[in-house]
Amino acid sequence: MMTTLDPLRASRRRGDVAANFVIRAAVAAPSVQNSQPWHFSSRPAAIRLHADPRRGLPQADPAGREMVISCGAALFNIRLAMRHLGFAAGVTLLPDPSCPDLLAEIRWGWRAPPTPEEESLYRAIMRRHTHRGPFAVEAPPPLISDLIRVARQEQAELHVIYDASRHHPLADLIQAAELVQRSSPPFAAERVRWARPPGDRRRDGVPVTACWRQPDGPEFAARGFERGATGWWYPAHPQQDRPQALGVVAILATRDDRRLGWLLAGQALQRLLLHAAAGGVSVAFHTQPLELPGTRERIRAEFTGGAYPQMLLRLGCGGRAGATLRRPVADTLAGSLTAPGSLRHAVGYASR
């Protein structure tokens, strides 16, 4: 027998389905060391994105810059998922100055069919994986030109380092920062926290199966996660089977270096990552020199014309892009969302 509360409960269930659908896309975003430093709360007709400092990296990221960039990438996925359902996304960044970890409120807007480009980016969410190691070939120049345009759509700049002679000083800065972090016990302990040895069932961090073990040298140094004391190491790959292309080198930068700028950088990063993935291109990250003030300032002065470098990238095709696990939506979402009435059919259709 139906009670007077049943319609309200049904509406809340529809809202929960909508929230789960959107947050499932959000948590597929990349994050520094796969720390997934976010959680979400729901309000009537809106979703709120919060940074989770408990998942921060106090050694590598004391100001929370990379944490907020990671959350910005998740925010872009929320926008795309709402568009996929046929709704505009009304976004307010940093809506409450008294709550610095509340990064954005995203409201269900008016009905608006997604564009072909938005649908292409949405389909790329689950195909995108972080690349580790060298590539088979570099990303094609026409796509790189598109990515420069894509970054500008989100108020960021992609500085492409076309001159190969400039790769060497940049590689030196990466290797120097990597050696500093490897030799620092607090940095090393923080890396171990997010490394996942064989058999570990946690759904965050970087598993051994996702990484190459490559030596430092003329290639850009990879972040080292090895932990010899426990007997496990990231697997080496036969030299003859390795692709050898460095890829196209680029730096994503913004004019603002506060939380607003970092949120914009995260959204720009995710838009260009999905655009690249839709074109068959993978992206590798080298954040080590941006985690040390001295090397980050040198990169700002020598490579980005005074704009603040937020992410150092390599782009290419082939090689190995390894998937990493994500926490279940239920672990990241609190509250109950009452969906707009017109969302009922859209969510039901998208869930089929």
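Two strands pair if DSSP finds at least two bridges between them. Helices (H or I, at least four residues) and strands (E, at least two) are DSSP runs, numbered from the N terminus.

This is a predicted model: local features need pLDDT of at least 70, side-chain atom pairs count only at pLDDT 80 or more, and totals for chains, interfaces and linings use all residues. Residues are numbered from 1 along each chain as its sequence is written, and side-chain values use heavy atoms, with hydrogens and water left out.

**Overview**

The chain's secondary structure comes to nine helices and 13 strands. Of its 352 residues, 54% are buried. Buried means under 20% relative accessible area, exposed over 50%, and partly exposed in between (1.4 Å probe, protein chains only). Take contacts between residues at least 6 apart in sequence: 79% of them join residues at least 24 apart. Contact here means heavy atoms within 4.5 Å.

**Strand pairing**

Strand 10 (248-254) has partners in strand 7 (residues 157-160) and strand 12. Leu158 has Leu252 of strand 10 as its bridge partner. Leu252 also stands opposite Met311 in strand 12. Strand 4 (residues 102-111) pairs with strand 2 (residues 46-51) and with strand 3 (residues 87-93). Ile106 in strand 4 is the bridge partner of Ile47 and of Val91.

| Strand pair | Sense | Bridges |
|---|---|---|
| Strand 2 and strand 4 | antiparallel | five bridges |
| Strand 3 and strand 4 | antiparallel | six bridges |
| Strand 7 and strand 10 | antiparallel | four bridges |
| Strand 10 and strand 12 | antiparallel | seven bridges |

Seven of the seven residues of strand 10 are buried, so the strand is largely enclosed by the rest of the structure. Both of its faces are covered. Val248, Ala250, Leu252 and Thr254 are buried on one side; Val249, Ile251 and Ala253 are buried on the other.

**Nonpolar cores**

A nonpolar core is a set of buried Ala, Val, Leu, Ile, Met, Phe, Trp, Tyr and Cys residues joined through side-chain atoms within 4.5 Å. The largest has 68 residues. Those with the most contacts inside it are Val22, Phe40, Leu49, Leu158, Leu252, Leu272 and Leu315. Helix 2 (residues 65-84) gives the largest share of this core, 12 residues. Another core, of 14 residues, lies apart from it and includes Leu246, Val249, Ile299 and Phe303.

Leaving aside neighbours within four places, its contacts include Ile23, Ala26, Val27, Ile47, Leu49, Ile78 and Leu333. Arg48, His50 and Thr332 are also among them.

**Helix 5**

Helix 5 runs over residues 167-183. The expected span of a helix is 1.5 Å times one less than its number of residues. For the 17 residues of helix 5 this gives 24 Å, and its end C-alpha atoms are 24 Å apart, which agrees. His167, Leu170, Ala171, Leu173, Ile174, Ala177, Glu178 and Gln181 are buried in this helix. They fall within an arc of 160 degrees seen down the axis, so they line one face of helix 5. The arc is that of the directions from the helix axis to the C-beta atoms. The face turned away carries the exposed residues His168, Asp172 and Ser183. Helix 6 (185-194), strand 10, helix 8 (293-303) and strand 12 (308-317) are among the elements covering the buried residues.

**Cysteines**

The structure holds zero disulfides (pairs of cysteine sulfur atoms within 2.5 Å). Cys71 counts as buried, at 0% relative accessibility. Cys99 is partly exposed, with a relative accessible area of 35%.
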